[in-house]
Amino acid sequence: MAKLHAILEAVADRVEMHRNIGDQRTNWNTLLLTSINAITLAAATTAGIASISGGGAPEAAMKVSSTAMYVAATGMLSIVNKIQPSQLAEEQRNAVRLFKQIQNQIQIILSIGNPTAVDVKEMMEKVLALDEAYPLPLLGAMLEKFPADVEPAVWWPQNRRKQPKGINQGYNGWNGKLEKEMREILNVIKRKDKEEYLRLGEKALKLNKFLAISGPVLTGLAAVGSAFVGSPSHGDWAVVLGVVGGALASVVNALEHGGQVGMVFEMYRCNAGFFNLMEESIESNLREEELERRENGEVFEMKVGLQLGRSLSQLRDLAEASSVKGEDIEEFASKLF
């Protein structure tokens, strides 16, 4: 009991830490987006003014100012595009929600009474797995923002413990009909929901990569153009590059960080992880040959229905449709997202 209370206290502290850091990183995204776009547009305006200033000290001052602002914007964009503040904020939001789930689970165990050493070990493993899945530090521990392959998020221990044997060694709510139903639901989750979110995550990742590269490239080219404004041999193209490059860079930056493309990718990755967890949960119960070590079948069916946003009758209808249509089924398992 004392150990669970200690874990509960640590979990409550983690909820607060992730919430505070999530708010901070949301502010980062807003403030850096506004600042970089302001610097970029000011640099483009300055480059345009330099081209009509008529030479001399005013032109030189404008050129230097524009080039300096573009160089600063390029450096800031490179850092922001690397760390993806909107994605970091989404990671912290997910961590808050998942730590609250652990918090509720511990409170339920404590309210029921008679916790065991196995419960303590399981909760410790869940907390540590979640710490690893959503780290707080940036340096050295930050999740890869542009992975080579899109994989579902994993925030649970991989070695999940078996259910203890029940007091009644007979019926545990499982029968052949329920097993068949769960297998069909599992097939729909694998073929439709999980694959769809991985596909959407791949598209979001490709778009984010393109935008993350385009922004600094455009500001870098604009910096080169602004440096040559007023040059007799390069004047025309330099003005166009200095002004248009800055305008396009601000559009790209607004689309990437104002549209929070990194956050969208993380959301898709997390949704795929949710279905991956459901898949593992169903498979672990179906693989267990001793019915007494499975979760109660009736309770498990209700939990699956709630996680998918379906009533029990809708869940059974989906399983029946899957058994009839197979891979041709168009309906998704989840009605929540």
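Student: Where does V154 lie?

Tutor: This is a predicted model, and in it V154 lies in the loop that runs between α4 (117-133) and α5 (176-227).

Student: Is V154 buried, partly exposed or exposed, and why?

Tutor: V154 counts as partly exposed, because its relative accessibility is 38%, and buried would require under 20% while exposed would require over 50%.

Student: How far apart are V154 and E132, in sequence and in space?

Tutor: They are 22 residues apart in sequence, and their C-alpha atoms are 9.3 Å apart in space.

Student: Switching to the surface, which residues make the nonpolar patch?

Tutor: V299, M302, L306 and L312 make a nonpolar surface patch of about 350 Å², and helix α8 (residues 297-308) gives the largest share of that patch, with three residues.

Student: And what about V299, where is it and how does it count?

Tutor: V299 has its place in helix α8, and with 40% relative accessibility it counts as partly exposed.

Student: OK, now the inside: how many residues has the largest nonpolar core, and which have the most contacts inside it?

Tutor: The largest nonpolar core has 52 residues, and those with the most contacts inside it are I106, Y134, W155, M182, I185 and L308. The largest share of this core, ten residues, is supplied by α5.

Student: What does Y134 touch?

Tutor: Leaving aside residues up to four places away in sequence, Y134 touches several residues, including H18, L98, L143, A153, W155 and C270.

Note on methods:
Residues numbered from 1 in each chain as written. Predicted model: local features only at pLDDT ≥ 70, side-chain atom pairs only at ≥ 80, totals over all residues. Heavy atoms only, no water. Helix = DSSP H or I, 4+ residues; strand = E, 2+ residues; numbered from the N terminus. Buried < 20%, exposed > 50% of the residue type's maximum accessible area, 1.4 Å probe, protein only. Patch = residues over 30% accessible without salt bridge, like charges linked within 9 Å, V, L, I, M, F, W, Y side chains within 5 Å. Areas by Shrake-Rupley, 256 points an atom, 1.4 Å probe, with all protein chains shown as cover. Salt bridge = Lys/Arg side-chain N within 4 Å of Asp/Glu carboxyl O. Core = buried A, V, L, I, M, F, W, Y, C linked by side-chain atoms within 4.5 Å. Contact = heavy atoms within 4.5 Å.
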